[in-house]
Amino acid sequence: MYNSKITGLGYYVPDNVVTNNDLSKIMDTNDAWIQERTGIQERRHVVRGEDTTTTMGVKAAKIAIERSGVDKNDIDFIVFATLSPDYYFPGPGVLVQRDLGLKTVGALDVRNQCSGFVYAISVADQFIKTGMYKNILVIGSEVHSTGLDMTTRGRGVSVIFGDGAGAAVLSREEDTSKGILSTHLHSEGEHAEELALIAPGMGKRWVTDIIEDNNPDDTSYLPHMNGQFVFKNAVVRFSEVINEGLKANNLTPADIDMLVPHQANLRISQFIQQKFKLSDDQVYSNIMKYGNTTAASIPIALTEAWEQGKVKEGDTVVLAAFGSGFTWGSAIIKW
């Protein structure tokens, strides 16, 4: 058995900055309202025709591969986490394989929304632990902006989300005291519709149905979120899955050098920080700049923390996420 170690990190966000004041010009909202509820000050939106989920993932991946020191031809497998693929099918994993010019390696797409990157890391970790693969490219990338209701009707959701991508290269590590020590994954489908985009889907409402009805009040193809219900569940599940990871490795909250939570809401991160009695130096947040980038949020934040010297060799790093599904998970890493 081996461990897997993150050997390279990279991220990419579009140049187009959208501030809260920008949004106030197209919907009934304001900077104070958004910041009070989410902590978000601005986010990035793609310019149509310039960036897609795949192209952003490729840009982040190139940086991660270069930093890893791994030749791209030695990448054995791709795991791509997203809720916003370029196409309904195929998924973006194979498009990354094509656009990076990789050999005919396997490509897997993970559809676990906000916890997608943690799930993807866990999948990659298992492949490396068993010896099947040596170097795996893991990507989280999202384009939300082109599918949001950018009117007052949709402001409760549309002010939260941004676009971006992050990537990591996981490589085989023979020292099992280093790298990813454990991952912990959960789901509770009972609450799946509390944070969901219902259509188009083969089960109930496909594109042809939407076109035939031509109903201007139809919101089935726009994201829906029961915000208070999601918040209440998130703070509980975040705490549980972090504690689960610490207990599995005989660690305590005092052993955490850096917690990188999914950037869902600054209030959630602050609640978790207070509960675990962590200092500002032990929790990394960047939702203020990027909003919630779903599967991309953890790799973007982790990359920034590493670039700023806040994640160093020997550190104990905890990744944790909760989101649509409901799904949640954590990863305990010895850097």
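Trainee: Which residue in strand 7 stands opposite G8?
Mentor: The residue opposite G8 is V169 in strand 7. This is a predicted model, in which local features need pLDDT of at least 70 and side-chain atom pairs count only at pLDDT 80 or more, while totals for chains, interfaces and linings use all residues. Residues are numbered from 1 along each chain as its sequence is written, and side-chain values use heavy atoms, with hydrogens and water left out.

Trainee: In what sense do strand 1 and strand 7 pair, and over how many bridges?
Mentor: Strand 1 and strand 7 (residues 164-173) are antiparallel, with 9 bridges. Two strands pair if DSSP finds at least two bridges between them. Strands (E, at least two residues) and helices (H or I, at least four) are DSSP runs, numbered from the N terminus.

Trainee: What is the order of the strands in the open sheet?
Mentor: The order is 1-7-6-4-5, so named for its 5 strands, and the pairing is mixed. At the edges are strand 1 (3-12) and strand 5 (106-110), each of which pairs on one side only. From one strand to the next, the twist averages 20 degrees.

Trainee: Which strands does helix 4 touch?
Mentor: Helix 4 (residues 92-99) packs on the sheet and touches strand 4 (77-81), strand 5 and strand 6 (135-142); contact means heavy atoms within 4.5 Å. The direction of helix 4 makes about 130 degrees with that of strand 4. Axes are lines fitted to C-alpha atoms, for helices over the stretch in contact, and angles run from 0 to 180 degrees between N-to-C directions. Helix 11 (residues 297-307) also packs on the sheet, where it touches strand 1, strand 6 and strand 7. Its direction is at about 95 degrees to that of strand 1.

Trainee: Changing topic: how many residues of strand 12 are buried?
Mentor: In strand 12 (residues 316-323), 8 of 8 residues are buried, meaning under 20% relative accessible area (1.4 Å probe, protein chains only). One side carries T316, V318, A320 and F322, and the other V317, L319, A321 and G323.

Trainee: What does strand 12 pair with?
Mentor: Strand 12 pairs with strand 11 (residues 258-261) in the parallel sense over 4 bridges, and V260 stands opposite L319. With strand 13 (residues 327-334), the pairing is antiparallel over 8 bridges; there, T316 has K334 as its bridge partner. Strand 12 and strand 13 form a hairpin with 3 residues between them, and G325 in the turn has a positive phi of about 145 degrees.

Trainee: Which residues lie nearest the centre of the largest pocket?
Mentor: Of its 38 lining residues, L83, S84, P85, R111 and L197 lie nearest the centre.

Trainee: Which residues line the largest cavity?
Mentor: They are F238, P261, H262, A264, N265, I268, S269 and I272. Its volume is about 30 Å³, and helix 9 (residues 266-275) gives the largest share of the lining, 3 residues.

Terms used:
On a 1 Å grid over the protein atoms alone, a cavity is a set of points where a 1.4 Å probe fits but cannot get out, and a pocket is an open set with protein on both sides within 12 Å along at least five of seven lines; lining residues have an atom within 4 Å of a point. Grid points are joined across faces, edges and corners, and a volume is the space filled by probe spheres set on the points. Buried means under 20% relative accessible area, exposed over 50%, partly exposed in between (1.4 Å probe, protein chains only).
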